[in-house]
Amino acid sequence: MPPVPLLTILSASLAYGDLPLLDEASFSLEPGERIGLIGRNGTGKSSLLGAIAGAVTLDEGEIRRRDGLSVTLVSQEPAVPERSAAPAHVLEKFLHLFKLDAPPVSGGEQKRAALAHAFALEPDLLLLDEPTNHLDIDGILVLENLLARVPAAIVVTHDRAFLDRFATRIIELDRGRLRSYPGNYSDFERRKQGELAAEAIAHHKFDRFWAQEEAWIRKGVEARRTRNEGRVRRLERLREERSARRTRMGSVNLAIGEGQRSGKLVCELTNVTKSYGGETVVRDLDLLVSRGDRLGLIGPNGAGKTTILKLILGAIAPDSGGVRLGANVQPAYFDQMREQLDPEKTVAETVSAGSDWVDLPGGRKHVMSYLGDFLFPPRRANSPVRMLSGGERNRLLLARLFSRPANVLVLDEPTNDLDIESLELLEEALQDYAGTILLVSHDRAFLDNVVTQTLAAEGGGKWKEYVGGYTDWVRQRPRKEEAVSSKKVAPSKPKGAVKLSYKEARELESLPKEIELLEAEQRTLHAKMGEPEYYRQPPGALRADQQRGVEIEALLLKKLERWEALEARQKEASP
């Protein structure tokens, strides 16, 4: 007997303004599913989570929840409850995992505290809205591991690496409808390309037929006297259908002006040290940035990434050491706190103060047309900045940044609040940019696709440079055990270390092969789900594959944790 769905949405409709956010949308959530909910900014993803949580009322349609289903929502800007219904010892465990030692103050700390509270409640269904925005990479990895153990989850996120590791199914909210794709984000991308190509062909055929009918109806007087009334009525229906067709939302049009070419040397830091309140965040740093470099900075929150950017820009002075800027360096700075935006100015004034034109490398462009490239309609141009959403403010800051020629782009968390499509277009623009890029980001896929070298925090204010992006850094960075063995003094044997039993030793020996077999089965299952004829199978077979995918993920996590624990014990017990 198939499992009872945790949740079923039937013909849900919800509208704010002209276009519906949900247009008779439907889907079901099965036990064990971890859904990645994606879509363009403003399409209604947060509203959908609110409706599932019971905080938003649908205009039409129905949401059926399994009896006794407990649901917890963590919104984009969550309020941390003063008291938690979770047991104190459980809450403490999760506060510790998210590195919270004091009452939350900053936005990032509040987000981590809200996540800790949500996991401590152990709901049947966890709803998370952009949970990675204020997390560093270590925090994102913790979140990934925790989500692998929840009964079910729906997460709105633009982090593609996170979606690849977390999701068992992708739901896309597109023009009011919910479309389901089994597998992770990489699986979704492959299927979506085929869908978009087929949709474009269908629209092209429809438009040709519509144009032919319009040409026929506009024939001369004699033709109109003899025209077929049925054909006229059909044309009216075609006109209505074409008018009602909701095409895909526009794309951000990004083009970056490089400005004048900088000298070969962009910046040189020599033996630079910087401290705040007695804590050294940069210690004895030597760094050479040359023209055309694409440097990514990686490290936990508070490690000093923004400090290094400001040292390079000359915005702050080092406590010791030297900073030398090269000749003709024209930087443009994208500030993660968006301090460059005046909340009382209009959108148009922010981009082009006192003028209707924007001077771009390719020539002048009217400010309305330029803002349209960044998905701001004319009616939005006169809105004050304080009325914009987080995603809109991010796009506006990019529009302002790219309207000014610069040969050095300094980008501090530019991906926050951007939808995936805009994020990928930003990647393309940066890949085509001929100048120098300095980038701080916790988006692992974005780092991999943009930077050519990485400066990583090593702890204690020390930083080290690596070749490549995030994945290359993970591969090159020294392992903890290597760091320990490189010390001159041998570590003392921990008290109470116990040798593995014969059974545990055999288990440790067999675990790598078991993990390898599970990973091979997982790859085979994903490949099977990607076959064109896959969806013609009976629903029961589809559910069985989906359930097996969930089981494999859980088994892999369990065996990896067991392998790590046994290896650690073996090393502790060895002389």
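## Aromatic pairs

Both F162 and F166 are buried, where buried stands for under 20% relative accessible area, exposed for over 50% and partly exposed for values in between, with a 1.4 Å probe and protein chains only. The two residues belong to helix α5 (residues 160-166), in which they are four residues apart, about one turn of the helix; helices (H or I, at least four residues) and strands (E, at least two) are DSSP runs numbered from the N terminus. This is a predicted model, in which local features need pLDDT of at least 70 and side-chain atom pairs count only at pLDDT 80 or more, while totals for chains, interfaces and linings use all residues. Residues are numbered from 1 along each chain as its sequence is written, and side-chain values use heavy atoms, with hydrogens and water left out.

A search of the whole structure finds five aromatic pairs, counted when ring centres of Phe, Tyr or Trp (its six-membered ring) lie within 6.5 Å, with planes under 30 degrees apart taken as stacked, over 60 as edge-to-face and the rest as tilted. The pair of F162 and F166 is stacked, because the ring centres are 5.3 Å apart and the planes stand at 20 degrees. The rings of Y181 and F188, by contrast, have centres 4.9 Å apart and planes at 85 degrees, so that this pair is edge-to-face. Y181 and F188 are each buried, and together with Y185 they form one aromatic cluster.

## Charges over rings

R395 lies over the face of F376, at 5.0 Å from the ring centre, and the charged end of R477 is found over the ring of W473, 4.6 Å from its centre.

In strand β17 (residues 408-412), five of the five residues are buried. V408, V410 and D412 point one way from β17, whereas L409 and L411 point the other way. In a regular strand the side chains alternate between the two faces of the sheet.

Strand β14 (residues 331-334) pairs with β17 in the parallel sense over four bridges, pairing being assigned if DSSP finds at least two bridges between two strands; here A332 has L409 of β17 as its bridge partner. β17 also pairs in the parallel sense with strand β18 (residues 436-440), over five bridges, and D412 has V440 as its bridge partner in β18. From β17 the chain crosses through helix α13 (residues 420-432) to β18, and this β-α-β crossover is right-handed, a term used if, with the strands pointing away from the viewer, the path from the first strand over the helix to the second runs clockwise.

Key: A charge sits over a ring if NZ of Lys or CZ of Arg is within 6 Å of the ring centre and within 35 degrees of the ring normal.
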